[in-house]
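Thanks for coming, everyone. Please have a look at it first.

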Amino acid sequence: MQTDPNGPNPKKSKDSPSNSANTESTQSPSPFPDEVLEKVLSFLNSDKDRSSVSLVCKDWYNAERWTRTKLFIGNCYSVSPEIVARRFTKIKSVTLKGKPRFSDFNLVPQNWGADVHYWLLMFANVYPFLEELRLKRMTISDESLELLATSFPGFRALSLMSCDGFSTDGLKAIATHCRSLTELDIQDVDMDDFCGGWLSCFPEDFGSLEVLNFATLDSEVNFDALERLVSQCKSLRVLKVNKTITLDQLQRLLLRAPQLMELGTGSFQQELLPGQFGDLGIAFSNCKNLRTLSGLWEVASIYFPVLYVACASLTFLNLNYTALRSDEFGSLLAHCPNLRRLWVLDTVEDKGLEAVGSSCPLLEELRVFPADPYDQHLHRGVTESGFVAVSRGCRKLHYVLYFCWQMTNAAVATIVQNCPNFTHFRLCIMNPGRPDYLTNEPMDEAFGAVVKNCTKLQRLSMSGLLTDLTFEYIGKYAKNLETLSVAFAGSSDRGMQCVLEGCPKLRKLEIRDCPFGNAALLSGLEKYETMRSLWMSSCNVTINACQRLAREMPRLNVEVMKDKESDDSRADKVYVYRSVAGPRRDAPPFVLTL
């Protein structure tokens, strides 16, 4: 059997950008016949397991490459389409991520890259049987969507999350040509939304959709086309519509799809006649399998009773677009005893979070978003007391994203004592550099308590007044940490050095507006090859230090983005990532590749 000549040293490939897409081992051959080995490996679905299997020996490496049908690439520039095509021959599903996460905060300039078109050209040539494409933070044009729609006869699933570059014209191509489509999931995209006529482009006899999500699109849709589509797709289990869908339209959709498991509603502001109110309640009561509810734009508490009948079975309630008061929120939660996941705006205030603690004992994930992140009035929103109340009543909590205006060391220590199984702890104190507001001390002991108590911690986001002591705690205790995000924190280069020296599983390090400089950057020379990426912006890093990093670590891509008015010697934004493909060929002029 032939092995891929492009494989790097197997010691470097365990965490390779394409899940061992470029790995070769030279150990003794497998004792199993090829047919048996390939059959066994076909049952492995975990990317990590497959990555490990490919390192055993040449036979296992080849069997893994011949049996892999799903591919996850966490950075579209970590490997080239050509390398992927040489390595794998039977790929049917691709997940591809593009821009750094800080692009969500407008820190990555427009036209930075991550265009999917070149990938699609390769897929069309070598994977004509491609069925699924899932993109995150990628640029995809209408031309690319047309290519996708016409090149893969059996294409089934398209997911676009935080993508840009396309319009509803591209969606028309997908609806027109993808006759086997089961999933169309459009989330948080930056697109030209011309009209809702794209729904009319599905064929008259089309009925295969199982997932349809256009919740974040703005324009009105052709409701007749939507209603026909929903009534014909008997296996539809996820339907998330945008806020232009009225309550009476929602009621008609629910009557035609009582099998739904996930529902995203439209606006809940329409005035209903008594008969319409009752009909809507009946429609919800017929949805016996409903587990996820979202949408509820501008909902009025008068309509809550129509939801109560469906609330008992809900495991995920997403109120990210719903500014509820604490009393309204509490009355709704009283009917949701089985919630595992809850997303909510901080308009519910601490009293609303107290209701979470008393009503949702099974809760595992909580996200509290700011309704107005620019509101400086500290008496609004949520505080440490609401967070503590949740931790007391929800002992299974292991994922939190919490935006607040104030916090204390003691509160965080109490929270992690109550819930020591956190795997994701993301605390955003929205006043940069704010200390413990009661003691005026840094928040070092708060995050020290997190990493000491939460031994399973994989992701940590920090804010508030933090010194190097916090980073010393992280380096000493956070042995399972994979992703660390830091803003407006630290005292010196020592802080970043502690993290790079002490966190063996670190894969992504995201830093902005911190005092870390050249010594901090260069302290990770050996570490960066085991990580997926490093992002630094508005730190004290120079071009010279970045050039040295690039010289000493040639297998890393070191990119510098310059601000127009900055000092020529300063590296304003630095993006470092490992790649087996070398420097990218589509870097715009404002990106300096070293």
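Let's begin with a pair of helices, H5 and H6: their crossing is left-handed. Left-handed here means the near helix is turned anticlockwise from the far one by less than a right angle; clockwise would be right-handed. Helices (H or I, at least four residues) and strands (E, at least two) are DSSP runs, numbered from the N terminus.

Before I go further, the ground rules. This is a predicted model, where local features need pLDDT of at least 70, side-chain atom pairs count only at pLDDT 80 or more, and totals for chains, interfaces and linings use all residues. Residues are numbered from 1 along each chain as its sequence is written, and side-chain values use heavy atoms, with hydrogens and water left out.

Back to the helices. Two packed helices are described by the angle between their axes and the distance between the axes. H5 covers residues 117-126 and H6 covers residues 142-151. Their axes come within 10 Å and cross at roughly 15°. Axes are lines fitted to C-alpha atoms, for helices over the stretch in contact, and angles run from 0 to 180 degrees between N-to-C directions. H5 and H6 are therefore roughly parallel to each other. The cut-offs: under 35 degrees is roughly parallel, over 145 roughly antiparallel, 65 to 115 roughly perpendicular, and the rest oblique.

Which residues meet? From H5, His117, Leu120, Leu121 and Ala124; from H6, Glu143, Ser144, Leu147, Leu148 and Ser151. By class, that contact has five nonpolar, three polar and one charged residues. Contact means heavy atoms within 4.5 Å. For the classes, Ala, Val, Leu, Ile, Met, Phe, Trp, Tyr, Cys and Pro count as nonpolar, Asp, Glu, Lys and Arg as charged, and the others, Gly among them, as polar.

What is buried in H5? His117, Trp119, Leu120, Met122 and Phe123. Buried means under 20% relative accessible area, exposed over 50%, and partly exposed in between (1.4 Å probe, protein chains only). The cover over these H5 residues includes strand S1 (70-73), helix H4 (81-87), strand S2 (93-97), strand S3 (132-136) and H6.

H11 (residues 304-311) and H12 (residues 326-333) have axes that come within 9 Å and cross at roughly 35°. Phe304, Leu307, Tyr308 and Cys311 in H11 meet Glu328, Ser331 and Leu332 in H12. That contact has five nonpolar, one polar and one charged residues.

On to the aromatics. Rings of Phe, Tyr and Trp (its six-membered ring) pair if their centres lie within 6.5 Å; planes under 30 degrees apart are stacked, over 60 edge-to-face, and the rest tilted. How many aromatic pairs does that rule give? The count comes to 22. Take Trp119 and Phe123: their ring centres are 6.0 Å apart and their planes sit at 50°, so the pair is tilted. Being four residues apart in H5, Trp119 and Phe123 are separated by about one helical turn. Trp119 is buried at 4% relative accessible area, and Phe123 is buried at 0%.

Phe316 and Trp343 form an edge-to-face pair, 5.4 Å centre to centre with 65° between the planes. This pair links distant parts of the chain: Phe316 is in strand S12 (residues 316-319), Trp343 is in strand S13 (residues 341-345), and they are 27 residues apart. Both Phe316 and Trp343 are buried. There is also a cluster: ring pairs link Tyr77, Phe102, Phe105, Trp112, Trp535, Tyr575 and Tyr577.

Ser294 is found in strand S11 (residues 292-294). Is Ser294 buried or exposed? Ser294 is buried, at 9%. Leaving out residues up to four places away in sequence, Ser294 touches Lys240, Leu263, Gly264, Thr265 and Asn318.

Ser492 lies in the loop between strand S18 (483-487) and helix H18 (493-502). At 28% relative accessibility, Ser492 counts as partly exposed.

Last, the backbone. Most residues other than glycine have a negative phi. Asn440 has a positive phi, near 65°. Asn440 is in the loop between strand S16 (424-429) and helix H16 (444-453), and is exposed at 58%. Asp513 also has a positive phi, about 55°. Asp513 sits in the loop between strand S19 (508-512) and helix H19 (518-522), and is partly exposed at 25%.
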